[in-house]
Amino acid sequence: MDPENVKSNLVLILDYGSQYTHLITRRIRSLSVFSLCISGTSSLKSIVDLKPRVIILSGGPHSVHSPNSPSFPDGFVDYVESNGVFVLGICYGLQLLVQRLGGVVRVGERQEYGRMEIEVVRACGLFGSKEVGHKQTVWMSHGDEAAELPEGFEVVARSQQGAVAAVENRERRFYGLQYHPEVTHSPEGMETLRYFLFDVCRVDAGWNMEDVLNEEIKLIKGMVAPDDHVICALSGGVDSTVAATLVHKAIGDRLHCVFVDNGLLRYKERERVMETFERDLHLPVTCVDATDQFLSKLKGVVDPEMKRKIIGKEFISSFDAFGLDLERKFGKKPVYLVQGTLYPDVIESCPPPGSGRTHSHTIKSHHNVGGLPKDMKLKLIEPLKLLFKDEVRELGRILNVPRAFLQRHPFPGPGLAVRVLGDVTEGNALDILRQVDEIFIQSIKDAGIYDSIWQAFAVFLPIRSVGVQGDQRTHSHVVALRAVTSQDGMTADWYNFEHKFLDDVARKICNSVRGVNRVVQDITSKPPSTIEWE
C-alpha cells in the first residue's frame, strides 16, 4: 500500500492509562492497519496533524468525577465531527465520551471486574450480524457506569447485571464499549474490533513490513547527506542489529558500527557477537573495550536509575571517542547515531495521563530514551521507534538477518548492571551471574524450549543464605531465575517450567558455580512487576 494511503487509514489511540492500552495498538496492527498511541491529554494540534481515520479512547484507572481526571482537548468533538472521524471509547473512554457529550456517569451500584456476560439488546453497527439476544463473555474492569446517555445515543448491549456494556450514535460516528475487546479474556473481542474497523469505519488494510522498510530507507536517504558519516551502536541484540542492517542498506559503507564492551556483557558475549557480525551479517564493526571506563563510574552505585543514567552517559562518551577516530580518518565528523529504540521504549517514557506531569513518569529509563545526556553532539536515527519487537523480527527476516539471531531473547541496554541488584563492582557478582545465566540459558536450549520463551535470564540478589555444601556450613549468594512469555514485552506471564527442569538447573548451578548455595524462581507477571528486576 502507498505510504500516504497507510497514513490516511491511521487508527490513533489516546492513552488514558489502562494497562491494556498498548495491546489495542498491537491488536489493530495485527489486522494490517497502522496504529499509533499518544497521550490522552495531547493537544488538539498533535491529533489533527496525524490526520487519523479512527480515534480510540482507551481505558484507564481514573474516574471522570476526579478533579484531575484526564480528558481529550477542547475542540476535539468539533474536529472529529467536521472531519468524519470515527471515535470508539473503551471502558474509561466510553464514560469520558458520555460525560463530555452531556450524559451522566455515576458510581455503579455493583462494580464489574473480570469475566462478565453481556447481551446484545439492539441490532447495531458494533456487533455486526449478531442478533438481539446474542450473549458473549467479555472482560470488565470498571466501578463507574453510564447512567444517562447523551442525546442520540443508544444502548446496544448490557451486562448480566443490567449495566450499560455498549453504546453508539451512528449518525455522529461515536461508539463505546464498557469492556476490553483487546484482551484474550474477551473471546469475541477481536471480531468486534475487526467489524468496527472494516465494516463500520471502512478502513483499508494494507500496512506491512515491506512498506515500512521501503519508507524507512527513503527517509534515511533523505535525512543523511551524501557525504555524511553515521555511527551505529551495536549491542549484539536483535534491535540494534536490525537497525544497523537497515541503515547499511540505505547508505552503505558510510555507516560505521561500534560494539562497546562495557564489562556488563553475558558469558563470552563479546566473542560470540563479533563472530556473528563478521561471519553472518557482514557488517563493518569495530569493537571497543571500555570495561574499566564503565565499571569505575559504577563503583558504589546501587540505585538502578542512577546506573542507567551513568551507563547512557558513558556510552555516548564512547561513541564520541569513536567519532573522533573516524573524523581523523575521513576528515569529517560523524553527524548521526543509529539506535535500535523500539516503540515500547518510547511508550514507557511517556507521562501517565492524569498525573499532571509534563515529563516522563519513569518506569525505568531506557538508555536509548531517558538515559542520554542533553548535550549529546550526535543527532539520532531511530528507524524502529514505531515498531514492536515481533515487528522488528519480521523486518529482520525481510533483511535476511539469520533466524537464529532474530530469535535471541532481548538483552537490556544497561546489560548485567540491572541484573545485579546493588553495586555491580562488589566482589565477584558479575562473574557469578555470568556463569549462572549461561547454565540457565543453555539448559533452556537443550530442553528445546528457548523459542517458546520471550526472555529468560538470571538475577544476582544482594543477600546471602546459610547452606550446607560438602558437609560444611556455607554463607553464600542467592540467585533468581526469571523466564516470561509475551508478544511485545508490554505485558508478560511467567513461564511454567516442569519441576524436573528446575530441579536439574538448580543442581547444576549450585554444583558448578562457586559462591552460590540457593536458587529461587521469579513467578511474577507484568504487571505488577516489570520483566527486568531493575
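What does the accessible surface of the protein come to, and what share of the surface belongs to carbon and sulfur atoms? The accessible surface comes to about 23500 Å², and 48% of this belongs to carbon and sulfur atoms; the areas come from the Shrake-Rupley method with a 1.4 Å probe.

The model is predicted: local features need pLDDT of at least 70 and side-chain atom pairs count only at pLDDT 80 or more, while totals for chains, interfaces and linings use all residues. Residues are numbered from 1 along each chain as its sequence is written, and side-chain values use heavy atoms, with hydrogens and water left out.

**View 1. Helices and strands of the protein.** The protein has 16 helices and 18 strands (DSSP runs, H or I of at least four residues for helices and E of at least two for strands, numbered from the N terminus). Along its principal axes, the C-alpha trace spans about 70 × 65 × 40 Å.

**View 2. Burial and charge.** Of the 534 residues, 55% count as buried (under 20% relative accessible area, 1.4 Å probe, protein chains only). There are 62 positive and 69 negative side chains, with the centres of the two sets 3 Å apart (Lys and Arg positive, Asp and Glu negative, His and chain ends not counted; charges placed at NZ of Lys, CZ of Arg, CG of Asp or CD of Glu).

View 3. R27 lies in helix 2, residues 21–29. With a relative accessible area of 12%, R27 is buried. Apart from neighbours within four places in sequence, R27 is in contact (heavy atoms within 4.5 Å) with E182, T184, M190, L193 and Q487.

Terms used
Buried means under 20% relative accessible area, exposed over 50%, partly exposed in between (1.4 Å probe, protein chains only).
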